[in-house]
Amino acid sequence: MEPTKSYPGITSPISLEGPKPLDLKLSEKMEEAMRPHGVFESEAEMSHRMEVLHKINTLVREWIKDVSRQKNNYPEDKIDAFGGKVCTFGSYRLGVHTKGADIDTLCVAPRHVDRSDFFSSFFEILKNTPEVKDLRAVEEAFVPVIKMTFDGIELDMLFARLALPQIPEDIDLRDESLLKNLNEKCVRSLNGCRVTDEILHLVPNQHSFRMTLRAIKLWAKKKGIYSNALGFLGGVSWAMLVARVCQLYPNAAPATLLHKFFMIIHKWNWPQPVLLKPLVHENKYNLSFPVWDPRVNTSDRFHLMPIITPAYPQQNSTFNVTLSTRSIMTEELKDGLEIVSKIFEGKEEWAALFEPSNFFQKYKHYIVLTASAEEEKDYLEWHGYVESKIRLLVGNLERNPCIKLAHVHPSPLGPLNESDGEHLCRWFIGLTFVKIENQNQNVDLTFDIQSFTNTVHKHAYHINLMKDGMKVEIKHVKRRQLDLYVPQKVLLQSKKAAAAQEHRSSIGNAAKSEASQTLHHSRSDTELVRSNSMSVDLSEEISQDAESSRDSVKSGSGSSSTSKEAINGDIRKVISDSPVPTDSAMQSPNSKREASPTGSESPVKRSRSQDDQNVLGSSMNTGDSALNPSRKREGSPLRAECPVKRVKSEKDASQAAIESPMHVDEITPLKEEEGSEAEVKEESEEKPIVNQHVKRLPSADVPDLMSPQTNQNLPVQVIPNKNIRLKLK
């Protein structure tokens with residue numbers, strides 16, 4: 001008897017079926033469709049990257065030798081043994097980097113080399129190196145980094161000092177013993193390499209994983225949902241989502257994995273976490289670093305889309321995600337699933353998946369955020385600083401009761417003409433407002449925007465970043481005014497993408513209506529009578545189907561299921577088999593408010609999260625308790641079978657409403673006095689989901705600078721923005 005093969009992941013695979021000839025053919029076409037977008041590098045470009053890494057590694061080793069001679073007076077025969085190494089992580093280490101992409105590197109040094117040496121003596125060495133351009137150090141960042149362009153390749157270099165006298169050449173950074181006696185900055189710097197190596201270790205087929213991840217990254221960048229700093233998902237988060245799908249289908253082809261990715265992630269029941277391996281709270285080295293766990297850490301309960309890193313200490317890589325960005329990504333995942341499904345049916349080509357976003361045609365109102373500086377060196381620092389604070393502006397706009405959605409475009413645009421100046425960039429935020437029928441709206445965004453500009457200028461002065469010429473300006477423009485800020489080429493691409501999307505939706509709607517008409521005419525009166533007679537026992541048949549689907553899943557995980565019901569059953573099983581219990585701890589206040597209807601809604605209306613829960617089933621419970629959480633005695637009638645009580649008067653009706661088992665928020669209170677027609681319509685308007693959340697805690701790096709009031713003692717002049725007031729018809 002052959003031993004059973006073990007697969008990585010917190011659950012067993014859904015299917016072990018290998019690729020079919022159609023899957024391999026579609027995978028080849030997918031690779032061909034990605035080549036025009038600069039996804040793959042040539043051999044010459046790859047060799048050039050290797051040369052750059054070799055040069056920077058030589059500089060690091062020579063610098064460690066110099067520090068050893070100057071600080072510690074070590075003998076020459078021992079200096080060569082100290083070692084030192086430059087490790088890579090991120091997209092380059094995963095093998096999915098694109099043309100012109102940067103390289104994330106980590107400088108690993110022995111214990112006698114300090115971080116202050118890295119930002120002083122090594123920084124001076126880089127400054128005197130002729131191949132180095134655009135050199136700048138960000139020592140005050142959450143993860144301190146040196147940014148540069150080395151011989152045409154952008155490099156981001158972190159620093160970590162290990163508690164070792166020597167750094168061996170074959171060191172494995174996944175070893176948890178290396179974290180002993182390290183400070184938090186070194187642990188955070190090591191985390192990038194440790195997470196990347198752990199992802200590659202937990203993936204069953206690295207070739208299929210890399211090809212699928214290339215397609216997902218290209219799709220996310222084209223759709224404008226690729227940016228960790230702006231509240232979307234970064235490269236590591238997308239990689240972990242793809243890795244989880246690869247664990248569920250270890251033998252599938254890249255095209256099949258891409259289809260399964262959209263199918264599973266689109267239906268994922270957030271805020272349930274995505275895990276590549278079980279959470280580890282205790283280790284044999286007695287390390288006490290905090291690990292993501294909403295049962296222990298109160299702040300973890302507010303994370304909307306948790307994707308947990310696999311390396312210790314396990315953390316959430318998507319803590320910047322907001323309600324707006326999550327809804328935007330969910331909508332894009334839904335569109336991606338429709339396109340890939342049509343590709344497998346032969347109705348679409350892969351080029352349709354990689355079309356650019358229609359962002360500049362999607363909204364009627366936009367906020368234009370302009371960051372500028374006079375000197376090039378100041379502009380590079382100012383650009384990165386303002387980009388890291390944009391999520392604060394999006395948060396201010398989300399909290400405005402008149403705004404339903406705030407969508408920031410991750411890719412900034414440069415100056416449109418010479419009058420704008422050379423060192424300037426613009427970010428665009430699309431706005432969707434809450435609509436009130438038959439009533440004009442007056443929206444005032446002055447307070448939200450002015451508080452953001454005050455925070456940016458104050459904190460820049462607080463960290464000694466503010467210099468003369470640095471400016472932040474914010475304006476409101478309508479869609480017809482975008483040609484004053486956006487190049488015509490970008491606008492034409494957006495219009496083309498909007499037209500293609502509208503064409504696909506019209507074809508889909510026509511097909512659905514035709515299918516419904518065909519189904520309506522094909523059903524005879526006899527079938528209608530039979531369906532009416534069978535509707536009495538429908539609930540019993542559904543329960544029997546659920547039991548049979550669970551038995552089929554338990555009988556063999558390796559068997560492939562071709563029916564749509566079996567696939568959905570497998571997905572429900574994967575999502576429900578989570579080791580993290582989340583009754584009240586996992587359900588954040590945001591998700592609770594989304595799940596319950598507002599007071600102005602009728603009991604029939606439900607939010608989107610409730611519909612997803614009905615599709616996926618109970619996400620955190622397994623067994624019979626998930627299907628029937630409130631167990632009753634045998635023979636007792638179900639709630640749906642209970643007869644409705646008859647009431648005779650309004651008093652009895654109100655009493656029956658109070659005694660009925662519906663949620664308290666479903667009961668609409670009676671008004672004692674009737675207001676105007678506009679007031680009644682405004683109160684009956686359904687509240688948007690994006691505004692139903694608890695006020696977020698201030699950012700950890702700016703704990704006391706959120707006040708919109710300007711400080712009179714501030715030596716730097718904060719430029720006030722003009723009043724931004726809109727009148728919506």
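Buried here means under 20% relative accessible area and exposed over 50%, with partly exposed in between (1.4 Å probe, protein chains only). The model is a predicted one, so to speak: local features need pLDDT of at least 70, side-chain atom pairs count only at pLDDT 80 or more, and totals for chains, interfaces and linings use all residues. Residues are numbered from 1 along each chain as its sequence is written, and side-chain values use heavy atoms, with hydrogens and water left out.

**View 1. D66 and R69 pair up within helix α2.** The two side chains meet in a salt bridge, 2.9 Å from N to O. A salt bridge here takes a side-chain nitrogen of Lys or Arg within 4 Å of a carboxyl oxygen of Asp or Glu. Both residues sit in helix α2 (residues 43-72), three residues apart, or about one turn of the helix. Helices (H or I, at least four residues) and strands (E, at least two) are DSSP runs, numbered from the N terminus. D66 counts as partly exposed because its relative accessibility is 32%, and R69 is partly exposed at 32% too.

**View 2. K277 meets E198.** Here the salt bridge spans 3.4 Å, N to O. The pair links distant parts of the chain, 79 residues apart: K277 is in the loop between α9 (254-266) and α10 (323-344), while E198 belongs to helix α6 (residues 184-202). So which partner is buried? E198 is, at 8% relative accessibility, whereas K277 is partly exposed with 25%.

**View 3. E381 reaches K467.** This salt bridge comes in at 3.9 Å, N to O. E381 lies in helix α12 (residues 376-398) and K467 in the loop between α13 (446-462) and β10, so the contact ties together parts that are 86 residues apart in sequence. E381 is partly exposed at 22% relative accessibility, and K467 is partly exposed at 35%.

**View 4. E62, K65 and D80 form a network.** Salt bridges link these three residues together. For the whole structure, the count by this rule comes to 19 salt bridges.

View 5. Patches take residues with over 30% relative accessible area and no salt bridge, joining like charges within 9 Å and nonpolar side chains (Val, Leu, Ile, Met, Phe, Trp, Tyr) within 5 Å. K364, K404, K435 and R479 make up a positive patch. One of them, R479, is found in the loop between β10 (471-478) and α14 (488-522), and R479 is partly exposed at 33% relative accessibility. On the negative side, D134, E154, E376 and E422 gather in a surface patch. E422 sits in the loop between β7 (403-408) and β8 (424-433), and E422 is exposed, with a relative accessible area of 66%.

Conventions. Accessible areas come from the Shrake-Rupley method with a 1.4 Å probe; for residues, only the protein chains shown count as cover. Lys and Arg count as positive and Asp and Glu as negative; His and the chain ends are not counted. The place of a charge is taken as NZ of Lys, CZ of Arg, CG of Asp or CD of Glu.
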